[in-house]
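Colleague: I am new to this structure. Please take one part, the pairing of charged side chains, and go through it closely.

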Amino acid sequence: MDRYEFISALRAALNGKVPATTVEDNVQYYEEYIEVQLRQGKSEEEVLSALGDPRLLAKTIIEANKYAEGTETYGGEDYGEIPAGGTGKSFRQWYQERPQWLRVVMSVLIALFVLFFVVTVFQVFFPVIVMILLIMGIYRLIRLLR
């Protein structure tokens, strides 16, 4: 196995199991690590044998990522976070795997929905608030004139 096969196997083992940013961060880290070791005079075979099986390395990264995201284990069973859409992924993982432009659009739509909701509630209660203020103003005016 050469370094390109190693990186390809690592990427394949991580894809879909951790957020895309985590995949890219780890792939970049191991590409740089291999490059540094080669510049220090080690052979590619030595470096890759020291790293071991990329699938085992990926499994370690996946497990570490579960704990980094705040998932919990109890009695040896992983309860994790609440899955989004029955995919077995948390909403955070599902959201982070979306392209940046889609995350921006989703955030804007959610903000617009919240704004629409607040304006709608305000429109419903605005006449009541105005009526209360008018009654309070008339009451004060009557008290001042007495």
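Predicted model: local features only at pLDDT ≥ 70, side-chain atom pairs only at ≥ 80, totals over all residues.

**Salt bridges**

Modeller: Glutamate 24 is partly exposed, with a relative accessible area of 41% (buried is under 20%, exposed over 50%, and partly exposed in between, using a 1.4 Å probe and protein chains only). Residues are numbered from 1 along each chain as its sequence is written, and side-chain values use heavy atoms, without hydrogens and water.

The partner of glutamate 24 is arginine 11, and their side chains form a salt bridge at 2.5 Å, N to O (a side-chain nitrogen of Lys or Arg within 4 Å of a carboxyl oxygen of Asp or Glu). Arginine 11 belongs to helix 1 (residues 3-14) and glutamate 24 to helix 2 (residues 20-39), so the pair ties together parts 13 residues apart in sequence. Helices here are DSSP runs of H or I, at least four residues, numbered from the N terminus. Arginine 11 is also partly exposed, at 27%.

The whole structure has 6 salt bridges. Another of them joins glutamate 35 and arginine 39 at 4.0 Å, N to O. These two are 4 residues apart in helix 2, so about one helical turn separates them. Glutamate 35 is partly exposed at 31%, while arginine 39 is exposed at 63%.

Aspartate 53 and arginine 55 also pair, at 3.3 Å, N to O. Through shared partners, salt bridges link Arg3, Glu35, Arg39 and Glu44 into one network.
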